[in-house]
Amino acid sequence: MEYRWFKGLLVCALLSGCGQLGAEPSRQAANTISVTGEATLQVAPDKATVQLGVEHQADSVSAAQKQADQVVAHVLALTDRLGVKRDQVKTTGLNIRPEYTWIGEPRRRELQGYVVTRQIIVQVNELTKLGEMMAGAVDAGVNQVQPPMFDHSDRASLEREALAKAAKDAKAQAQVLADALDVRLAGPLTVTSGSAQPPQPVPHMALRMSAESADASQGYETGQIAIRAMVNAVFRVD
């Protein structure tokens, strides 16, 4: 009987000790500060990507295709004249769709012809030629022009620079909180970086370029692009 009482007491003591050990990491995990550091670099872009569209309708697929191909050929001649390398110009294949209209009573569909579309993507590494290229493309017959996507050729190093600034910002925020709470800031427990923002198109109002302008390149303002970085960090405090 005494042996069973002693064994039960020993088991209770072990369980009590295990409970205390299990609670210790939880207490330590609570002694942390979580912050988010951010940084933004404003830089002037040095290249742009422009997406152009060609759409033509004709009674037959071959006629519509011929019209679209002629425009693409004129655009390629334009980019050659401006010194844009062929590996910086991409053209897509044909997209063909029939065009119908509803007529008569009872209403019925009647084929009006075929619409052929092609896309041209041009990377311009000399921004001084961007306005001339876009205006020339419109003159060549392009009837769809998307806002250019500005970027920087050294984006990778700029993103690393912004990331380093974001990490310093996170540490500075954690230090301010630690000082205010009268605790000592120790090393980081976890650090994760946010995803970099891809290049953004410039709004139409910011382009300051008219397709009908005789010299569109004179009125083109590219402004600056933002390179952003974000760092989430958890610091231990004592």
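Two strands count as paired if DSSP finds at least two bridges between them. Strands here are DSSP runs of E, at least two residues, and helices are runs of H or I, at least four, each numbered from the N terminus.

Before the details, the ground rules. This is a predicted model, where local features need pLDDT of at least 70, side-chain atom pairs count only at pLDDT 80 or more, and totals for chains, interfaces and linings use all residues. Residues are numbered from 1 along each chain as its sequence is written, and side-chain values use heavy atoms, with hydrogens and water left out.

Start with strand β5, residues 108–124. Its antiparallel pairing with β2, residues 47–58, runs over 11 bridges.

β4 and β5 form a hairpin with four residues between the strands. Look at Gly104 in that hairpin: its phi is positive, near 70 degrees.

Then there is β3, residues 89–91. β3 and β5 are antiparallel too, with three bridges. Lys90 finds its bridge partner in β5 at Ile121.

Now the other sheet on my list. What is the strand order in the open sheet of three strands? The order is β1-β9-β8, and the pairing is antiparallel. β1 (32–43) and β8 are the edge strands; each has a single partner strand, so one side of each is left without a neighbour in the sheet. From one strand to the next, the twist averages 30 degrees.

Take β8 and β9, the latter covering residues 225–237. Six bridges link them, in the antiparallel sense. Pro188 sits opposite Phe235 in β9.

A helix covers this sheet's strands. α4 lies across β1, β8 and β9; contact means heavy atoms within 4.5 Å. α4 runs at about 145 degrees to β1. For that angle, axes are lines fitted to C-alpha atoms, for helices over the stretch in contact, and angles go from 0 to 180 degrees between N-to-C directions.

Last stop: Asp182. It lies in the loop between α4 (155–181) and β8 (185–193). Is Asp182 buried or exposed? Exposed, because its relative accessibility is 70%. The cut-offs are under 20% relative accessible area for buried, over 50% for exposed, and partly exposed in between, with a 1.4 Å probe and protein chains only. Asp182 also has a positive phi, near 60 degrees, in a residue other than glycine.
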